Amino acid sequence: MDTPSISSIAKPREPWALLVPLSLAGFVLIGGMLTSLSVYVSVMQPLLGWSAAEAGAGPVALLIGMSAGNLVISPALRRLGINGTFALGSLLAALAWAAAGWSNTLAGFSLAMAIAGFGTGLGSIVPGIAVLTEAFHARRGLAIGLFIGSCSLASSAMPMATNLLIERAGWRVAFQIIGLAALVLVPVLWRFLPGRAVSGGARVADHSGQDGLNRRGAFHLPAFWVLTLVMTLSMVCMNGVLFNIVTYLKDRGTATQDAVALYSFANFMSLPGLLVGGYLSDRVRVQILFPAILLIQAAGTLALLGMGDAGPVAMAATAAFVVLWGGVAGLPAQAGSLMLREITGSREFPALLAIVFTINGFIGALAPGLTGWLRDATGDYRSAFALFGLVMIASAVAALWCRDPRPQATTAKF
């Protein structure tokens with residue numbers, strides 16, 4: 001009988017193959033649906049005669065549906081397993097997205113978006129982060145970064161593909177084609193995702209302990225609620241930009257194709273940002289990294305105020321938005337998830353992560369409608385973007401209080 005070598009014990013094999021089906025789910029549900037919805041809405045709004053506030057109803061319904069899906073992730077994972085949860089989410093999203101192509105009223109469209117959002121919540125970001133957090137140990141931050149990075153790559157490619165599809169076949173057919181793609185994904189997720197949690201081998205030292213806190217214990221920690229508040233504000237400010245940037249640029253005189261291309265390029269920048277963030281999160285204390293990410297998000301959001309005009313100032317503002325806002329677009333979720341596990345431990349991490357994402361998802365769902373309302377009230381999106389930038393600066397300061405109150409183990413991070 002062979003004896004395991006010291007190197008194999010010290011460096012356990014991580015289950016990198018998990019990233020393939022998880023990334024496929026993110027590509028279709030996040031890239032093809034969530035981040036492409038603003039392209040659909042920018043075309044549907046003038047055709048169907050919706051105001052800016054009414055046009056926000058679809059994104060709001062999608063985000064509320066995602067939050068409801070997040071809320072049931074923990075019991076779904078226990079009862080259906082990982083593959084069952086993801087397959088069910090993709091199935092619901094597929095049927096609802098295809099149905100949206102037949103909707104003729106704002107109410108019908110919003111209902112389809114709510115169901116699609118519920119399925120997306122069950123089969124994308126939150127359960128993916130929960131699965132990877134428990135499966136990976138030495139390279140946890142990098143694994144989560146690669147997963148969210150794949151969603152960011154989809155978020156850069158799919159809006160342009162969606163815009164082309166709408167131009168060639170119409171928005172109704174585009175909905176149905178993306179719905180079919182999600183339907184094809186169902187058997188893939190069922191076959192290639194494990195039924196239950198997997199582990200890459202021996203665990204590295206973890207001061208939080210394998211048991212960690214239960215929900216009641218976590219709810220008594222001020223740091224838990226500060227983290228929830230900060231992640232919620234970040235989500236509000238991110239969604240306010242995400243679902244309105246194409247329409248904002250069109251308001252400023254940018255051609256639709258150019259606006260979609262810039263939006264897609266900003267989304268693409270989150271891929272290298274997530275890779276860098278994943279590398280740093282395995283080496284730098286998340287208590288330092290998290291506030292820095294929020295400050296960068298604030299700077300990128302405020303750069304929107306200078307975009308849309310001609311001249312070097314507008315060019316510099318555009319570059320700053322793409323690099324700064326785009327570069328950190330996926331990092332608050334990544335760093336916030338790692339921060340949550342440091343605060344609470346792993347005992348009920350999937351359930352606590354779902355609770356945090358449900359809260360910030362429900363409140364963040366108000367952002368597209370709020371942004372549209374501010375635009376209708378002031379005649380310009382810039383007042384909303386200025387507000388979001390200031391809120392993010394305050395959030396970065398608040399994030400300094402997101403600390404584990406328990407004694408810290410010695411670590412190589414700084």
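Is arginine 382 to be counted as buried, partly exposed or exposed, and what is its relative accessibility? In this predicted model, arginine 382 has a relative accessibility of 30% and counts as partly exposed. The side chain of arginine 382 forms a salt bridge with aspartate 380, in which the closest N and O atoms are 2.9 Å apart. Aspartate 380 also meets arginine 252 in a salt bridge, with an N to O distance of 3.9 Å. Aspartate 380 is placed in the loop between helix H19 (367–378) and helix H20 (382–398), and arginine 252 in the loop between helix H13 (245–251) and helix H14 (256–281), so this pair ties together parts that are 128 residues apart in sequence.

Six salt bridges are found in the whole structure. Among them is the pair formed by glutamate 342 and arginine 285 (3.9 Å, N to O). Glutamate 342 belongs to helix H17 (residues 331–344), whereas arginine 285 is in the loop between H14 and helix H15 (286–303); the pair therefore ties together parts 57 residues apart in sequence. Glutamate 342 counts as buried at 17% relative accessibility, as does arginine 285 at 18%.

Alanine 154, in helix H9 (residues 140–169), is buried, with 0% relative accessibility. Beyond its neighbours within four places in sequence, alanine 154 contacts Gly26, Phe27, Gly31 and Pro159.

On the surface, Leu80, Leu88, Leu91, Leu95, Leu180, Leu183 and Val184 form a nonpolar patch with about 580 Å² of accessible area together. Helix H6 (73–100) and helix H10 (171–192) each supply at least two of its residues, and the largest share, four residues, comes from H6.

Note on methods: Residues are numbered from 1 along each chain as its sequence is written. This is a predicted model: local features need pLDDT of at least 70, side-chain atom pairs count only at pLDDT 80 or more; totals for chains, interfaces and linings use all residues. Side-chain values use heavy atoms; hydrogens and water are left out. Patches are made of residues with over 30% relative accessible area and no salt bridge: like charges are joined within 9 Å, nonpolar side chains (Val, Leu, Ile, Met, Phe, Trp, Tyr) within 5 Å. Accessible areas come from the Shrake-Rupley method with a 1.4 Å probe; for residues, only the protein chains shown count as cover. A salt bridge is a side-chain nitrogen of Lys or Arg within 4 Å of a carboxyl oxygen of Asp or Glu. Buried means under 20% relative accessible area, exposed over 50%, partly exposed in between (1.4 Å probe, protein chains only). Contact means heavy atoms within 4.5 Å.
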